[in-house]
Amino acid sequence: MKTKLRSFIGVTLFAGVCSLAQSSAAADPSTLSGRAKVYESLDQSSLEHVTSASALSTELRFENVAPTRIWKLLEHGEKVECLDCIPRVSKLLYNSNAKTREISAWWLRRRIFGVFGPGEVYSQVIGTLQNSDETDFNRAYAANAIGEFLNPAGVPVVSKAALSDAAASVRLASVQALERLNNEGSEMAIGQALGDSDEGVRLAALHAAISINVFSSVDQILVLFGDPSALVRRRAAEAVGAMKLSDAVMGLVALTDQRESAPEVRAAAVWAIGQLADSAARPAVEAALSDSNPLVRNAAAISLRRL
Amino acid sequence: MARSHSLARLAQLGTASVLGLLGLLGCSSTPESQGRGIGDVSKIIYAVRQHTVVDGGKVVNIDVASGMGQVMDYGRFVPGGRLELFDLRNNHVDNIIEDYKTADVSSLDLSFDATKVVFTMKRDESDDYHVYWAPTTPNAAGKFDVTQLTFGPYDDQNAVFAAGNRIVFTTNQGYTEMGTRADEYNHSRRVTQLASMTLEGGDADRKLCSQNLSHIVTLFPMQDGRIGFARWEHLENVNYVKLFAMNPDCTQMLAVGGQHGKPGNSVVQASEGNTANVFYAIVTNRENTIQAGSLVRIDARSAVLPGAFDEEKSEKEAYELLTPNVPTDDSESPEGRYRSPVELPDGRVLVSWAEGPVNEVSEVIDTPPDYGLYVFDPKLHQRELVQNYEDSWELYAQPVVAQTEPPDRSSRQAVVDSSTPATIGSIDVALTSLTSKHGEHVSGAQFDNATLDEALRQAVRVRIIEGFSSEAANQTMFGLTMAEGAAILGEAEVQTDRSWLAQIPPYVPVHLQPIDEFDMAIRSQTTWIQGMPGEGRVCGGCHEDRTGSNVGAGQQLTIAAGKGPQNFLVPIKDRVEYPWDAADDAGNPNEIQKILTAKCATCHNQTTNGNAPQQTYTVTMTNPTTMVSTSYEIPRLDLSDRPITVTYDRNTRAWPASYVSLFYPAALEMETGQGKTTVVGTVPPKWAIPSDARHSVLIEKLNVTSSRDATKYAWPLGAMFSDTQVAGGTRTDHAAMAGLTRDEVVKLIRSIDMGGQYYARQNTAFKPFAADPVSGKAP
């Protein structure tokens with residue numbers, strides 16, 4: 001929630017809208033199907049209110065709605081078919097608040113009509129990412145949205161952006177989109193992104209590598225043991241531990257001694273060795289019991305129990 | 001660190017006043033073991049959390065609701081957190097994590113002897129939340145020795161002590177063959193589940209518990225040795241947070257309260273009071289209240305069984321709102337909101353509180369709520385200040401008081417092997433309190449407002465349905481439905497004594513449907529259940545009376561037990577799913593569209609609907625900015641696979657007309673109605689209602705025979721259809737007329753009863769992880 005001065009008038013106006021929404025949301029469902037059927041034996045006060053279509057279309061007109069209010073309106077409106085709301089929500093895909101963008105995409109992707117047809121929201125977002133005349137922000141936000149739409153059709157588009165967009169922020173957002181899409185990308189884009197010149201992109205690719213179901217470029221993770229960024233080295237060691245890449249044990253051993261300047265990296269390497277349960281690395285872990293950093297010693301004590 | 005004016009006033013009152021607030025008499029710095037809830041309070045421990053980042057004297061960020069932003073949040077991080085020990089005798093404050101200036105602390109819990117604190121901390125922005133512990137007394141150098149217990153690229157939080165120096169916590173690590181569960185209804189975010197370890201072994205003893213499909217948060221130890229927690233129950237249309245408990249070895253996960261009525265949507269941040277099975281908690285909305293709400297006391301004690309809790313208690317029986325002026329929803333509060341209550345030895349409640357609206361209004365005016373620590377007197381309904389810094393939140397406070405260590409329940413289950421099944425079953429499936437206590441009835445087909453007791457006597461099998469979400473199907477929503485992904489693990493036979501027993505994969509969340517002779521669900525369970533490897537979870541019946549005895553229908557050993565459990569331990573790829581269309585395996589016999597194309601689409605297609613021309617209705621959207629309208633034409637009943645002109649969900653390819661045709665009428669009424677969607681034409685009957693084949697007009701139209709008597713129909717022939725819109729007027733064996741076999745009709749029934757999903761793992765190219773994340777074995 002970035003700070004931004006908002007006017008008292010806006011607050012007052014907003015409060016009025018709130019009350020309208022409350023009264024509308026409190027109305028009982030009119031049919032006993034879906035939610036109403038499931039909850040028919042429970043008091044309505046037990047349940048969360050469902051956003052009405054009118055609340056969605058009315059409140060989202062205003063500039064000064066609190067992010068948490070927007071999130072609630074959309075989340076509680078997950079099954080409210082409001083076609084007229086789609087244009088308003090689609091604008092929120094480019095909101096400065098990341099979660100507002102995420103939840104807006106979530107709401108949109110659950111719509112039955114109006115989003116995925118020719119020329120509709122999804123294709124517009126694809127076009128934004130592919131348009132180099134758009135700002136870096138807009139292209140990055142478009143990549144975010146493509147990821148949140150979880151549509152496999154977006155994989156080639158964000159893969160290309162992950163590898164070739166001029167802006168690191170767009171490449172990073174595109175890698176994150178691939179993670180959301182649970183896909184390593186065309187031409188194994190996440191694996192290639194591990195070698196990106198930007199630290200943030202490499203970190204995003206490491207995070208994606210341990211999160212998606214199929215990741216084929218594990219060798220590229222081991223290369224990052226020599227990365228100039230301590231944070232990347234640490235995350236690479238953790239990724240190896242999480243993925244239980246037994247071939248990496250000697251590389252991890254090299255990260256455990258004091259020649260590795262960052263204690264967080266040493267601790268991560270020691271922990272990862274424990275995850276691999278390879279007793280060949282036991283001397284290195286025993287040595288780490290004498291490390292100057294207490295967290296490395298903690299990690300060593302725990303890893304030794306697995307070796 | 002700035003103190004608030006309120007605290008300054010408190011300081012003026014002097015130490016004695018503070019001590020008086022906490023009932024300090026003859027206070028001692030050494031915790032005394034006098035039993036839980038007995039003993040003096042000389043110190044409290046709490047976390048100080050930041051919300052505002054200031055750089056160069058300028059506010060650069062205010063964060064009250066990041067992470068996942070709801071009452072189940074586990075991700076919010078703002079640097080500058082502290083873990084403070086406050087000595088009430090002299091106002092001395094120690095910061096246990098003073099060496100971690102950029103850290104944030106998300107939970108804490110004291111050991112039963114009050115000599116250790118376990119807490120979860122993220123050291124800096126680039127770190128993850130992990131579990132640490134420290135002594136509550138400093139070393140000779142005046143420092144607190146902090147020990148890290150968990151590591152790795154995931155968040156471990158909500159850590160609490162269990163007996164025997166065990167620690168139970170939540171984690172979002174990858175804990176299934178499908179990765180970390182990613183509840184679609186939580187935007188496919190990584191879901192927190194339970195895990196345990198020892199204080200000595202930390203990660204080396206890490207053991208994962210059986211799973212829920214959505215988040216588990218705010219754990220608390222119980223006097224009987226169990227661990228309580230708040231669980232987000234999201235099963236199709238069910239969507240709330242309630243209290244659960246389990247043994248520290250992850251067995252016997254049971255509801256404690258909130259399932260049959262509560263004063264609000266979410267019951268969170270509970271702790272057990274001085275009396276066993278009496279809890280203090282926060283009731284609030286699922287989001288938008290900055291994780292705060294109204295203070296409530298929950299008396300879950302069984303009226304019949306001493307020492308037991310009774311989850312069937314109604315809202316009126318169990319819940320007492322201690323702060324009735326505080327809304328239990330997310331509306332603006334006239335009296336502030338509360339967080340993290342803990343009962344003190346004298347019966348008052350140590351709690352965090354902030355004044356103001358404490359909802360999105362706080363956010364829109366850029367005024368974060370200021371949570372401070374207070375003692376709330378439930379009798380006088382008064383609140384008195386203990387500690388408050390004006391620019392931070394003081395949360396999760398606990399009195400540093402020794403308690404009697406609960407009995408150690410940790411030895412029952414020690415197997416870490418996902419190939420060892422859990423066993424579930426019922427002694428008598430017809431034993432139920434669903435009608436007598438909760439007013440549920442069954443209608444549709446042979447039932448007309450029948451009691452569950454009557455209806456369940458007609459159960460012939462129990463369908464066991466595995467739930468999964470977007471982590472598995474690599475998809476978002478599963479179609480025009482709120483149901484999760486679903487696969488049938490098996491249908492266990494109900495024996496003549498109405499018992500049943502089955503072995504299922506451990507760890508996996510399932511829900512049950514007792515089914516009748518027509519293969520239709522009599523009821524669809526709305527709670528996920530699960531078991532650990534080797535765990536037995538045999539119930540009395542189908543939601544039997546929790547206070548009554550569970551007596552089988554004939555003999556001591558049920559027939560199902562005598563026969564032995566049916567084995568449903570099936571690999572993921574072999575589980576029964578009903579992909580609607582485009583199955584990955586072209587030979588998949590359960591693809592629904594194949595059946596419809598072969599047997600139905602000849603008459604029900606783009607041009608014809610039975611003997612008549614196809615009809616359509618139109619839904620229209622208007623862009624309020626451009627005033628351009630777009631219309632979508634939906635056929636009344638087109639069961640072909642032709643791609644219709646509309647596109648829905650997040651898929652750019654067109655979907656088969658059959659799916660839209662069958663499910664859209666019910667989707668229109670799924671929540672509050674049509675909203676602002678303009679409909680022109682006649683919306684057809686609800687052909688298919690997710691999870692409700694019994695009321696789905698398609699099934700009534702087709703009709704189905706008994707699995708035991710081929711001449712017996714679910715809907716008597718010749719009678720009027722329940723919906724007068726249905727062509728033909730009276731019921732027939734339309735399935736037979738169309739050439740559908742009974743087996744094919746049952747597939748349609750199952751597909752609808754399971755939730756009416758379009759997607760399954762079997763039409764989304766799903767591949768499980770090669771490694772077994774539960775056992776920790778390398779691939």
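A disulfide is taken here as a pair of cysteine sulfur atoms within 2.5 Å. This is a predicted model, in which local features need pLDDT of at least 70 and side-chain atom pairs count only at pLDDT 80 or more, while totals for chains, interfaces and linings use all residues. Residues are numbered from 1 along each chain as its sequence is written, chains are lettered from A and ligands numbered from 1 in the order in which they are written, and side-chain values use heavy atoms, with hydrogens and water left out.

**Cysteines of chain B**

Over all chains the structure holds one disulfide, which joins B:Cys209 to B:Cys250 with an S to S distance of 2.0 Å. The torsion about this S-S bond is about -45°, so the disulfide of B:Cys209 and B:Cys250 is left-handed. B:Cys209 lies in the loop between β15 (207–208) and β16 (216–221) of chain B, and B:Cys250 in the loop between β18 (238–246) and β19 (254–257) of chain B, so the bond ties together parts that are 41 residues apart in sequence. Helices (H or I, at least four residues) and strands (E, at least two) are DSSP runs, numbered from the N terminus.

B:Cys209 is buried at 1% relative accessibility, and B:Cys250 is buried with a relative accessible area of 1%.

B:Cys539 is partly exposed, with a relative accessible area of 37%, and B:Cys542, which is in no disulfide, counts as buried at 16% relative accessibility.

**Helix packing**

Two packed helices are described by the angle between their axes and the distance between the axes. The axes are lines fitted to C-alpha atoms, for helices over the stretch in contact, and the angles run from 0 to 180 degrees between N-to-C directions.

| Helix pair | Angle | Axis distance |
|---|---|---|
| α6 (98–109) and α8 (136–149) of chain A | about 45° | 9 Å |
| α8(A) and α10(A) | about 5° | 8 Å |
| α8 (592–599) and α12 (742–753) of chain B | about 135° | 10 Å |

Angles under 35 degrees count as roughly parallel, over 145 as roughly antiparallel, 65 to 115 as roughly perpendicular and the rest as oblique. With an angle of about 45°, α6(A) is oblique to α8(A), and their crossing is right-handed. A crossing is left-handed if the near helix is turned anticlockwise from the far one by less than a right angle, and right-handed if clockwise. Contact means heavy atoms within 4.5 Å; A:Arg101, A:Glu102, A:Ala105, A:Leu108 and A:Arg109 of α6(A) meet A:Tyr141, A:Asn144, A:Ala145, A:Glu148 and A:Phe149 of α8(A). By class, this contact of α6(A) with α8(A) has five nonpolar, one polar and four charged residues, where Ala, Val, Leu, Ile, Met, Phe, Trp, Tyr, Cys and Pro count as nonpolar, Asp, Glu, Lys and Arg as charged, and the others, Gly among them, as polar.

At an angle of about 5°, α8(A) is roughly parallel to α10(A). The residues in contact include A:Ala140, A:Asn144 and A:Glu148 of α8(A) and A:Val170, A:Ala173 and A:Ala177 of α10(A), and the residues of the contact of α8(A) with α10(A) divide into five nonpolar, five polar and four charged.

In chain B, the angle of about 135° between α8(B) and α12(B) makes α8(B) oblique to α12(B), and α8(B) passes α12(B) in a left-handed crossing. B:Ile592, B:Ile595, B:Leu596 and B:Lys599 of α8(B) meet B:Glu744, B:Lys747, B:Leu748 and B:Ser751 of α12(B), and by class the residues of this contact of α8(B) with α12(B) divide into four nonpolar, one polar and three charged.

**Backbone at two residues of chain B**

Most residues other than glycine have a negative phi. B:Gln291, although not a glycine, has a positive phi of about 60°; B:Gln291 is found in the loop between β21 (278–284) and β22 (294–299) of chain B and counts as buried at 16% relative accessibility. B:Ser340, also not a glycine, has a positive phi of about 50°, and is found in strand β24 (residues 337–343) of chain B, where B:Ser340 is buried with a relative accessible area of 12%.

Technical notes
Buried < 20%, exposed > 50% of the residue type's maximum accessible area, 1.4 Å probe, protein only.
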